[in-house]
Amino acid sequence: MTVLTSWQRQLRSQGTSAAAVLAALATVIGAWQLAVIVGNRVPSLAETIGRLGAEAAIGELWGNLAISMNRFLLGLVAALVVGAVIGVLMGLSKLADLAFSDLNAAALAIPAVIWALLTTMWFGFGWLTPVVTVFLSGLPFVVVNIAKATRAVPADLILMARAFGIPRSRVLREIVAPAVAGSTVAAVRFAIMSAWNGLLLAEWFGSTSGVGWRSRYWYDANQLDGFLAWVLVFILLLVIADLLILGPIERYATRWRTA
Amino acid sequence: MTQTITARPAEREPRDKPSRAAVPRPWGSRRWLVSGLALIAAVGLWALAAVIVDDPILPNPADVADRVLAIIVSGAAVTNFAASICKIAAGFAIAMVAGLIIGFAMGRSTFMTSYFSLPLFVLGNMPGLTYAVFGLLIFGVGAGGPIVVSALVATPFIAINVAEGVRSVDGNLLAMCHAFERRRSDILRHLYLPAVTTFVFAGVRYGFAMAWKVEALTEVFGASSGVGFMIRKAYQEFQVGDMLAWTALFIVAMVLIERALAHLESRFFAWRKEIA
């Protein structure tokens, strides 16, 4: 189980009342208003949302989101495919496991900003910079979790199923799939989190379009309301991706585990 | 790096799953050989790429090794890593206090659990970029930004683990303490403290990895010392070699600290058989 899944579990635990979540939201907004009053140039929530509306009106919001999502998906799919191949290899063969695990530990330790800066220097301001950064910052998380998923396959159950002449498709569906589902969803989730972080940084440093570039534009213009508007978008995307899409998928995939 | 205490370190896994480990021990002596060879192969690939590209934009491994040595000899490595680690330690001290308070509240009440879960989720998953920019905007280029940022990143990890630890306390023991009218401080010291420390340690270990990355990022955006600042300097001077050298040092430091923490953890909690 992951740290994130324990949040997940708490968010949907029977004690989760809408009232508590609303109270939390109210506290956050209250703290923000306090910051508006205390701090001299913190924009208020209304101003920020107004700016977001203005961004949408001049066509910057959806256009940049589409560009970024395009790059994000390209890099993410590449990371998932390559990471799955390496991860399955590591799970199956002890040799591959020994060979890759130290390299992967090193890759896990590299912060995304280093990839963002390096790719900016290597590839300049093209589409390659964000895509490669997304790929490299997502890859190690996929490898770790897919290797774990592969190791979780119960070999003795498969042997037994074979001894009893169970058809291959049923073995896949009823033994392999439930065993690997949890870690596979975790692989996707961590890859998304870390790749999204990488994408923003790569676009911030080495791009002239996309959400990271747009938030930098407002930051450079010293317009905090514009920057905060984009931060709201980032948080919203995060909540949608994790709590509303991946959460239910994970709950479905691991339903056999929670008694 | 991604699990809480419920999952065990990788090196223990083969023992739990004898079915998978068809060859249990023969790798014992050769494992260093294999992983060393893999590392050498990776560096060889890098060298090959450097020869093919043949441009200062991709320096070869020997040059980077020279830079690493130069950085270590000049003392810049020690001062900058010390600066970064001091900021993280200060941040962790704040995170520990906040995490203990929030975690206790979450462990004792379901309302608090759902109250804090969304803010903690957002706090723990916000892109590092937003932290870095906020740190820079609010605290300028001083040490305040990185300290507060690493505190914010680490708090959710510690709070979640403290909450798990508080929940793991045996209710029967608690009832017995009340029946025998133990003092509050006794209950805290003998019941909660041992239960929570193991979980806190796990939270610190995983929080550390996250916090350090975001702290370095904050230093990239605005700082006057620290590893991130040096990476920023290398970027601005377009010195790919320097940047790779700092990256290598960063990786080594991070892996060493993580191994040290894992080692400490297994030493401290060797008496807890169900966890070790």
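Of the 259 residues in chain A, 44% are buried (a residue is buried if 20 or more other C-beta atoms lie within 10 Å of its own, exposed if 12 or fewer, and partly exposed in between, with C-beta atoms placed from the backbone). This is a predicted model, in which local features need pLDDT of at least 70 and side-chain atom pairs count only at pLDDT 80 or more, while totals for chains, interfaces and linings use all residues. Residues are numbered from 1 along each chain as its sequence is written, and chains are lettered from A and ligands numbered from 1 in the order in which they are written.

**Exercise 1. Describe the make-up of chain A and of chain B.**

Solution. 
- Step 1: Chain A has eleven helices and zero strands (helices, H or I, of at least four residues and strands, E, of at least two are DSSP runs, numbered from the N terminus).
- Step 2: Chain B likewise contains eleven helices and zero strands.
- Step 3: In chain B, 39% of the 276 residues count as buried.
- Step 4: In chain A, 76% of the contacts with a separation of 6 or more link residues 24 or more positions apart (two residues are in contact if their C-beta atoms, placed from the backbone, lie within 7 Å).
- Step 5: For chain B, 74% of the contacts between residues at least 6 apart in sequence join residues at least 24 apart.
- Step 6: Along its principal axes, chain A has C-alpha atoms that fill a box of roughly 70 × 50 × 30 Å.

**Exercise 2. Identify the residues with the most contacts inside the largest nonpolar core.**

Solution. 
- Step 1: A nonpolar core is a set of buried Ala, Val, Leu, Ile, Met, Phe, Trp, Tyr and Cys residues joined through C-beta atoms within 7 Å.
- Step 2: The largest such core has 124 residues, and Ala191(A) and Ile231(B) have the most contacts inside it.
- Step 3: Its largest share, 18 residues, is supplied by helix α9 (residues 168–206) of chain A.
- Step 4: Apart from neighbours within four places in sequence, the contacts of Ala191(A) include Leu76(A), Leu80(A) and Phe141(A).

**Exercise 3. Determine whether Ile147(B) is buried or exposed.**

Solution. 
- Step 1: Ile147(B) belongs to helix α7 (residues 144–167) of chain B.
- Step 2: Ile147(B) is buried because 23 other C-beta atoms lie within 10 Å.
- Step 3: Beyond its neighbours within four places in sequence, Ile147(B) is in contact with Lys87(B), Ala90(B) and Gly91(B).
- Step 4: Gly135(B) is twelve residues from Ile147(B) in sequence, and their C-alpha atoms are 8.9 Å apart.

**Exercise 4. Find where helix α9 of chain B bends.**

Solution. 
- Step 1: Helix α9 (residues 184–221) of chain B has 38 residues.
- Step 2: A straight helix would reach 56 Å at 1.5 Å a residue (the expected span is 1.5 Å times one less than the number of residues).
- Step 3: The end C-alpha atoms of this helix are only 46 Å apart.
- Step 4: A bend of about 45° occurs at Tyr192(B), and Pro194(B) follows within four residues (the bend is the angle between axes fitted to the seven residues ending at a residue and the seven starting there).

**Exercise 5. Compare a UniProt annotation with the model for residues 81–262 of chain B.**

Solution. 
- Step 1: An unreviewed UniProt entry lists these residues as "domain: ABC transmembrane type-1"; UniProt positions are given in the numbering used here, feature names are shortened, and annotations may be inferred rather than shown by experiment.
- Step 2: In the model, residues 81–262 of chain B are 88% helix and 0% strand, with end C-alpha atoms 20 Å apart.
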